[in-house]
Each structure stands twice: as structure tokens, then as C-alpha cells.
Amino acid sequence: MTQAVESVAYDVVVIGAGPVGENVADRARAAGLSAAIVESELIGGECSYWACMPSKALLRPVVARADARRVPGLAAAVQGPLDTAAVLAHRDTYASHWKDDGQVAWLEGIGADIFRGHGRLAGPKAVTVTGPDGTEHRLTARHAVAVCTGSKAVVPELPGIDGARPWTSREATSAKEVPGRLVVVGGGVVGVEMATVWGALGARVTMLVRGKGLLPRMEPFAGELVAEALTDAGADIRTGVSATSVQRSAPDGPVTVELDNGERIEADEILFATGRAPRTDDLGLETVGLKPGSWLTVDDSCQVENTPWLYAVGDVNHRALLTHQGKYQARIAGAAIAARAKDVTSLDTDRWGAHAATADHAAVPQVVFTDPEAASVGLTLAEAEQAGHRVRAVDHDLAAVAGSGLYADGYRGRARMIVDLDREILLGVTFVGPGIGELLHSATVAVAGEVPLARLWHAVPAYPTISEIWLRLLETYRDSGA
């Protein structure tokens, strides 16, 4: 029987205790506001246990071995297979063995109250929390409710899918054994990263990609270089195909996927990396005039349209489905909530203002931790042209700088910057190559800071580093008639 509990009031109530919700609560507490945070699973959310941390922990040994195999004097020592048990144990450590004690301690340390259970809106500024034991808590917010429930993997409704027990990103990052044969459906970030991991650990990987190539949201050459490397590593990449049905006839037996060209492929596991949906279907949105299961449209302070007390932060607003971008939004939203709670008459919501998540539009960084790595920030050439900018793409071979040759024998990579010809600033930058992930923040600073190219000439890259690619890109732009 459900037990009713007296309503408790807080300045801010946060639904979802992943990195985004944690940061909203942290910013609220730092501003002197009281905060409650509600979580139905593990404190720390998707990133900590089934996404960023376990996936990158799995990828690090794979990429480190690949790098070492390209270094003279070291290559011969690392030709053997990876220690699968050690790799998986490393993953388990970074996933905190799927226990959230450390995250709980951090939230308690900032003074946020934690409510475990399923949180639902119950009208304006009201949240009910149904705990695991059926106990119900009623929370009210004096100033704001922040929805930070994230997103979930989408599995297509195909014949046989229910009995096939397909992997999503959660199963792919937490699996305890290496499948002998793995089919990966989808060519985006999750697909290529998991193909890299499990292929390196011994699985025979087949990738099924509906479109023309991998990493469709990046510059075309990024997907091309990653595809070449995956193919060289033994993956079978098939583009322009779709799965039409999936069948697993026995619980412990193989899975068979049928393609739209009539071909059938048998594997031990199948991973669907085919997109995300908002976790808003059982959130009580209907009690405040919003549609359950929908993405929540927000302004640049992350305030939900026509609902001034409600904020949607992170994946649920569909602006940039990345942990670091959600945490950025949380800092912006937290500052906006605090300012409005203190009756600040005019928020700084101009472009790049303190209360505007401008980077969501202009400077979203992302690293794909494959071998080679692919990293980008800002607009691609196609996006810039579609937006009406007068631009020029400036390309350079990353292998042509001394630092790349020192990093690895046979280094292969490419760099591109997108120049706004009217303002002579950068609208986007893409790097593909081993070890380039740490280059991305310099590009992010240049794009977000709208640094004039004339000033970038004075940012001298240290020699001999891969960062010297910045000088080569600027020289190429100059020599092209700029």
C-alpha cells in the first residue's frame, strides 16, 4: 500500500542525477539555493556506468596498443593479443563496479538532498517520487524544476526483435564476455567505437550502415579514414543496407539478421546503435500541458518554452547529446535559475552571455575515440554552406608535420578548418588521426572565442608537436590567395 508523505519544499528540484542533474544541483547550492535531486537508477547516470566512462576505459588499451605498434623499438613487444580479462576489469573499475557510493557522497557533500525513486511532474512546480518500497514523497519547488533525465537507446521495431535480446549501448559497454561474432547496426559514434573495442578483443565484426558511410555528422573524410582502419583491422563494413528482421531461435543460440537485399547474417550478438529517444515518456509532462515522450524545446537558458519554472537540461532538449555539453548547459541553467530566484531584472542572454548556451549552436566539441581518433568542433563545410556563410575549407595532411612522424611511423591523418571569409574567423575544425583528441580544445577556444586568423598567427605551436598543424593550416589559407 502506498504511504503518503508530507510535501517538502525546495528552491530547486532536479529530476535525474546523472552528470547534468548533478551539475544543476551543484550550481543551485553554490548560489545558496536548497536543492533536491531525484534518481530512479544509479546516482551518476548513463555516462558513469554505461556510456562515457566504461566505453573510454575499454577503448584506451585498444588505442594505446595500436599507437605502440607504430613506434620503432616498441612495436615488437606489443604484437600479442590484449589481456581481455584485464581490459574488462579496467572497465569495471571506471564504472565503479556499478555502485554509486562515491557519487552519493559527492552530492551529500554539496548539501543536496537525494530522493531515490521514480520522479514525475504533478502539476506546476510539483514532483512526486515513488520509491522502491512504494513510499511516495511530494516535492514542491519554490523557483524551478529541472528535467535532466537524459535519453535512451532506440531499438527499431523489427520482426523478431523482442526475442532476439539485442544489445544497446548499455549491453555493449557492460558485457562480461567477448562475442565470437558481432553485428553492429549503425555507423555513428557508438557503432564505430564499439566495433573498435570488440574487434580488438577478438570478435569478428560486421557493420550494417544504412547511409553512405560512417560518422555522417562529421566531415566525410572522418568516416572514410575510420572505415579504412576498421576494415584493415578485420571489420566487414556494409553500407546502403538495412536490417529487416532479427531472430534468435534459442535463448543461448546465435542471432540471425535479414537484410533488405535478402542476405542473412548469423552472429552471436547484435548491437543496435541507431539513435536515441528522450526519457520523458513517464515523466508527467501531461500534467503541465506537454506531450509525454517528447523532446523538450528550450531557449538558450534551457527554460522550457511557455513554462517559466521548468528547465530541460542535457539530452532531453535535443540540442547536443553529449555529456560535456549537457554539463555546460547545466552551468548555464544553474546560473539562470539562481539569477531569476534573486529577481535579477535582466539576464545576460545575448550571444555568449552568462545565461545563454551559445556553444550549443556554434562550438560543440566531440572526440570519437577510435583508431584513428576523429575530433571536431563547430560547423562542417556542408553545414556552414547550408547556413548561408561565405566560407572556404582549408585542408592539410596531418602526417606532414614533424610531430606526427615522431608520434607514429606511417602516420595517417587529415585536418580541416572552415574559414568565414567575411569575418576571417573559424566556424569549424576537424582533425582525424592518432592522438589528436587533445588538439581539439585549442580548436574549441579558437571557434568559441571567434579568434581572428590574424591573431592566430601569433599563437605559436611548439616544435615538434602535432599542434604544428595549426601553422600549416594558416599557411595553406594564406597561400590560397586569402
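Reader: Why is Gly131 called buried?

Author: In this predicted model, Gly131 has a relative accessible area of 11%. Buried means under 20%, so Gly131 is buried. Gly131 is found in the loop between strand S5 (126–130) and strand S6 (136–147).

Reader: What makes Arg116 and Gly117 contacts of Gly131?

Author: Contact means heavy atoms within 4.5 Å. Gly131 touches Arg116 and Gly117, residues up to four places away in sequence being left out. With Ala459, by contrast, the C-alpha to C-alpha separation of Gly131 is 55 Å, at 328 residues apart in sequence.

Reader: What is the phi of Asn306?

Author: Asn306 is not a glycine, yet has a positive phi of about 65°. Most residues other than glycine have a negative phi.

Reader: Why is Glu424 called partly exposed?

Author: Glu424 has 34% relative accessibility. Buried means under 20% and exposed over 50%, with partly exposed in between, so Glu424 counts as partly exposed. The place of Glu424 is in the loop between strand S20 (414–420) and strand S21 (425–433). Glu424 also has a positive phi, about 55°, although it is not a glycine.

Reader: What makes Asp350 exposed?

Author: At 57% relative accessibility, Asp350 is over the 50% limit and therefore counts as exposed. Asp350 is found in the loop between helix H10 (323–341) and helix H11 (359–362). Its contacts, leaving aside neighbours within four places in sequence, are Ala356 and Thr358. The C-alpha atoms of Asp350 and Thr130, 220 residues apart along the chain, are separated by 40 Å.

Reader: Why is the aromatic pair of Tyr10 and Phe115 called edge-to-face?

Author: The ring centres of Tyr10 and Phe115 are 6.1 Å apart, and the angle between the planes is 85°. Centres within 6.5 Å make a pair, and planes over 60 degrees apart count as edge-to-face; the pair is therefore edge-to-face. Tyr10 lies in strand S1 (residues 8–15) and Phe115 in strand S3 (residues 113–116), so the pair ties together parts that are 105 residues apart in sequence. Both Tyr10 and Phe115 are buried. The structure holds five aromatic pairs.

Reader: Why is Asp67 called buried?

Author: The relative accessibility of Asp67 is 11%, and buried means under 20%, so Asp67 counts as buried. Asp67 lies in helix H3 (residues 52–68) and touches Tyr407 and Pro434, not counting residues up to four places away in sequence.

Reader: Which elements supply the lining of the second largest pocket?

Author: H3, helix H8 (189–200), strand S9 (204–209) and helix H9 (220–232) each supply at least two residues of that lining. The largest share, five residues, comes from H9. The second largest pocket has a volume of about 650 Å³. Of its 27 lining residues, the closest to the centre are Ala66, Arg70, Ala229, Ala233 and Asp371. By class, the lining has 14 nonpolar, five polar and eight charged residues.

Reader: Which residue does a cis peptide bond join to Asp371?

Author: The cis bond joins Asp371 to Pro372, with omega of about 5°. Pro372 lies in the loop between strand S17 (365–368) and strand S18 (373–378). A cis peptide bond also joins Tyr463 and Pro464, where omega is about -5°. Most peptide bonds are trans.

Definitions and conventions:
Residues numbered from 1 in each chain as written. Predicted model: local features only at pLDDT ≥ 70, side-chain atom pairs only at ≥ 80, totals over all residues. Heavy atoms only, no water. Helix = DSSP H or I, 4+ residues; strand = E, 2+ residues; numbered from the N terminus. Buried < 20%, exposed > 50% of the residue type's maximum accessible area, 1.4 Å probe, protein only. Phe/Tyr/Trp six-rings, centres within 6.5 Å; stacked < 30°, edge-to-face > 60°. 1 Å grid on protein atoms, 1.4 Å probe; cavity = no way out; pocket = protein on both sides within 12 Å on 5 of 7 lines; lining within 4 Å. Points joined across faces, edges and corners; volume = space filled by probe spheres on them. Nonpolar A, V, L, I, M, F, W, Y, C, P; charged D, E, K, R; others polar.
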